[in-house]
Amino acid sequence: MWKVRLFESKYGYFTPDGREYVIVDPRTPRPWVNVISNGDYSMIASHTGSGYSWRGNAGQNRITRSYQDLIKDDWGKYYYIRDRESGRFWSAGWKPVMAQYSLYEVVHGMGYTVYRHRVEDIYSEMKVFVSAKAPVELAEITLKNEGATTRRLDITSYFEWVLGNFPDEHREFHKLFIVPAFRDRAIYVRKYLGQFPDGKGRWNNTDWNQIAFHGASEPVKSYTCDKESFTGMYGSQERPAALLEDELPGKCDRFGDPCAALQVEMVLAPGQSKGVVFTTGTAIIGEEDPEELLKSHTSLEASRRLFSEVKEMWDGLLEAEKVETPDPALNIMTNYWSKYQAISGRLWGKSGYYQVSAGYGFRDQLQDSQIFLVADPDLMRKQILLHAQHQFREGDVFHWWFTIGGGGPRTGCSDDLLWLPFIASQYVRETLDYGILDEEMSFADGGSATLYEHCRLAIEKSFKRFSPRGLPLIGEHDWNDGMNAVGSDWKGESVWLAQFMYLLLGRFLPLSTKREDGAFADRCRDVMQSLKDAVNEYAWDGEWFIRATKDDGGKIGSKQNEEGKIFLNAQTWAVISDITDSERKAVAMDSAGRILLKDFGALLLYPAFTKPAPDIGYITRYAPGLRENGGVYTHAATWAVWAFALMKDATSAYKAYSGICPPNRSADIDRYMAEPYVTCGNSDGPVSPMYGKGGWSWYTGSAQWLHRVAVNWILGIRVDNGFIEIDPVIPPHWKGFKYTRKFKETVYEIEVRNPENLSHSVATVTVDGKGGDPKVPIVNDGKTHKVVAILGKK
C-alpha cells in the first residue's frame, strides 16, 4: 500500500509519517496489540482480532472475558462473515477461524485499529475504536463484493461477558447472577452481584452498578445470549455450532453461560459495498441511559463522526511537539508512540496483555504523568493532586490503590512517598504553576493540608528512616520491588535512594525558600550534605558505587559479591544527582559502560543471580537474564541515557538509547518478538538463551522516560523556570535537528545546526534573528518564534 515503508520486517512496517504500524502477517512472534482508551472506557485489540474491554480498570470492571495466554491469543470479541449459500465462514480478524486469505493486513493507529481481510472475493474492513467522550466502543465493518456474482452474506458477533471483577476460578458462581435481555437491535445485560458490601457490610448483597449492552446498526436477523447454544457442547470458536445452522437460536435467559451474539444480513451485488456498526459499552445505572448511548453511537453516520473526534483528540495530545532528526526511530517514538503508549496504555487504560492493573501505582503513574507536560499540563496537575489524596497524615502512602472503591497496601517501600515532591517540583519547574502548592488536598486517613505540606510530610517521614551512618533505610524495598528482602527489618540501607533523595532535596529547596519555610530549607541542606558525605564515604567500592546493604550489613553490588557485583542505578544516579565528584562519576560510568552497556541497552546488574537469595528478594528468583536479574530493565535503561548525556558521552548515550528504541529492533524482529512500536518492560540479558527478547510491553513506565530522555538529554531541549534550555548531546555525524513545541498559543521552532560535526557545546543562539542565550525565555504572545542554535567551539 505504501511505497515508503519504515523499519520494514517480514511482519510489518511503519507508514511514512510513523503514526501507524501496518502488520502484514498474523503469525507474529507474540500478539502485537493496541491499547485503546478514552480515560474511562478501554479495550485491547490484538493484531489477530482478539482482545478484551473494561471500564475504569481491567481488574475490577472487566466487561468482556479474557484470560492471559500470549501463545494462543484466543479470547476476544469476534465477528464472523458467512456466505449463506455455500455455508463457508471466516472472521473479520484472523482469529478465531484463521481462514486462508488472499489479503490480511492490520493497522494499529492512535486510538484505533483497522483489519483488512479478503477471503473468497469478499473484502472486509473492520475499524475498532473507543468513543472519545462516552463509554462505548465501535466496530465498523464494511464488506465489498469483489467477485462477479451476487453474494448473500451475514455477519455474526460473538463474545463472553464478565461484568465486574474477573475471578475465573469462580465463574460458575458469578454467571448465575447475569441477566440478559434482547430488545430491538441490542442485547442488554445486568448483573445482580456487585463486588462491594452493602450498607450493613454484607457481601454479595448488591447489584453491579452498570448495564452492559451490545447493539447493531442493521436489523438483527437472529441472536443468542448463551455460549453453549453458540459454540455447541465441546465445540469451539473456530467452528461454532450455531454457524452450521441457518439462524442463531434466540436463547436469552439466566440459565446458561452468558455471551452476546448478534447476526445481521447483507446482499451484495458485484462491486457493491455495505457497512454495519456494532457497539459495546456500559451505562452507570441512574447516571447514564444505555438506550440513548446505543442510539447516538450505533449508526454509520455516528461512527464516522465519532472517529473524527477520536483523531482530533489524539492530534491535540500528540501534535503540540514535533522532532525532526536524522534518526527516524527517535522521531517515530518521540512524536507519537511513546506519548500514545504512556497516555493510552499506562495512565488511561492501565493494562496490557502481559499485566492487568486494577489501579494506580503511587510512584508509577506520577512518573508517567510527566508526558502531559508537552501535551496538556492540566492533566499532570490533576494526576499529582489525585496522588496526594492517597497519602496518610504521617507522610507515607499507598503503594498502589484500587481506582474503584479505593484501598490498597500501605507502603513499606522507601521511595514511593518521595515521588510526590519530586514530580510536583518538576511540574512547578516546567509550568511555573506555584498555585498548585496551595491546593488543599485530603489525606487517606482524614484531614487535609496543602500540596506543599503533603510534599514536606513525605520528605520529613523519610528523614526518620536513616541508618546511624547517615544513609536512608531501604525498608521493604526501594525502586526495585524485587529487592524485597534486603531491609525488611529496617536496618538495610539504599545507596540509590540516597542519590535520589539528594537530587529531590536540591529541587525542592527553591520551593521551600520561595514559601519562606526557612527552617525546613535549612534542614534539607543539612541532610543533603549528610547524604553526600555518607555516600562518598560508605558506598564507593573502588570502581563503582555499591547498590545497598542488607539488614546484616552485607553489601549488594560490590566486588565482594560473587553475583550482582555492579548495579546500574547506583552509577547512573551518582551522576544524575550530582552527589559525587567528577572523578568518581567518570570512573563509575566507565564501569557501567564497560560492564553493563550492551547492544540492546544497559543491563540492570551483572552478573545475574543464578540461585535464590532469601536475604535479597525475588529479583534473585528470576531465571538468569530475565527482567531485573541481569536483563535490560527498560525503565532503568532510560536513566542510563540521561547519565551518559550528563557526562557528555554522546557515543554511549546514543548507544544506550538506540538499543532500547523499539523500531531499531525490526532488523532482528524474531529475536525481539515484542511490538516494534511501543516500549517493552524488559529485554533478556546476554546469559539468557533468548538474549534480546522483549517482554511486558505496553504496561511499562519506560514509555514516558524514553520520550523524556530523547528530548531532554539527547536533543537537550529542557524547560526550566520560564526558559528553554538548549544543550544537545548528539552523535557527531548529525548535521542538526529541528524541534517544535507549542506553549499555550505560542510556538517555538528550534533548529540546531552542527557544521563542525561536534557532539555538544552550543556556541551561538539567535531568537527571531537576534543574538540570544542558550537559555531562551518563554513568552506567551501568541506568535511563532524561530530559534537557531549552532554547535561550535567556544
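**Notebook: cysteines, cores, a helix and a strand residue**

I looked for disulfides and recorded that the structure holds zero of them. I note here that the model is a predicted one. For my own reference, a disulfide is a covalent bond between the sulfur atoms of two cysteines.

I turned to the largest nonpolar core and recorded 236 residues in it. Which of its residues touch the most other members? I listed F278, W337, I384, L451, Y657 and I726. The element that gives the most to this core is α10, with 13 residues. I noted another core apart from this one, made of 11 residues, including I474, F567, F609 and A613. I then followed L451 and set aside its neighbours within four places in sequence. The contacts of L451 that remained were I384, L385, A388, L420, A424, I436, L437 and E439.

*Entry on helix α12.* Is this helix, residues 568-577, largely enclosed or open? I found that 10 of its 10 residues are buried, so the rest of the structure largely encloses α12. Among these buried residues I noted L568, W573, V575 and I576, together with N569, Q571 and S577. I next asked which elements the buried residues of α12 pack against. They are the helices α10 (495-514), α13 (582-596) and α14 (634-646), and the strands β28 (566-567) and β30 (601-602). Just after α12 I came to D578, which takes a positive phi of about 65 degrees.

*Entry on Y606.* I located Y606 in strand β31, residues 605-606. With neighbours within four places in sequence left aside, I recorded contacts of Y606 with G564, K565, I566, I595 and L596. Finally, I looked up Y606 and G631, which are 25 residues apart along the chain. Their C-alpha atoms are separated by 8.9 Å.

How values were computed
Residues are numbered from 1 along each chain as its sequence is written. This is a predicted model: local features need pLDDT of at least 70, side-chain atom pairs count only at pLDDT 80 or more; totals for chains, interfaces and linings use all residues. Side-chain values use heavy atoms; hydrogens and water are left out. Helices (H or I, at least four residues) and strands (E, at least two) are DSSP runs, numbered from the N terminus. Contact means heavy atoms within 4.5 Å. Buried means under 20% relative accessible area, exposed over 50%, partly exposed in between (1.4 Å probe, protein chains only). A nonpolar core is a set of buried Ala, Val, Leu, Ile, Met, Phe, Trp, Tyr and Cys residues joined through side-chain atoms within 4.5 Å. A disulfide is a pair of cysteine sulfur atoms within 2.5 Å.
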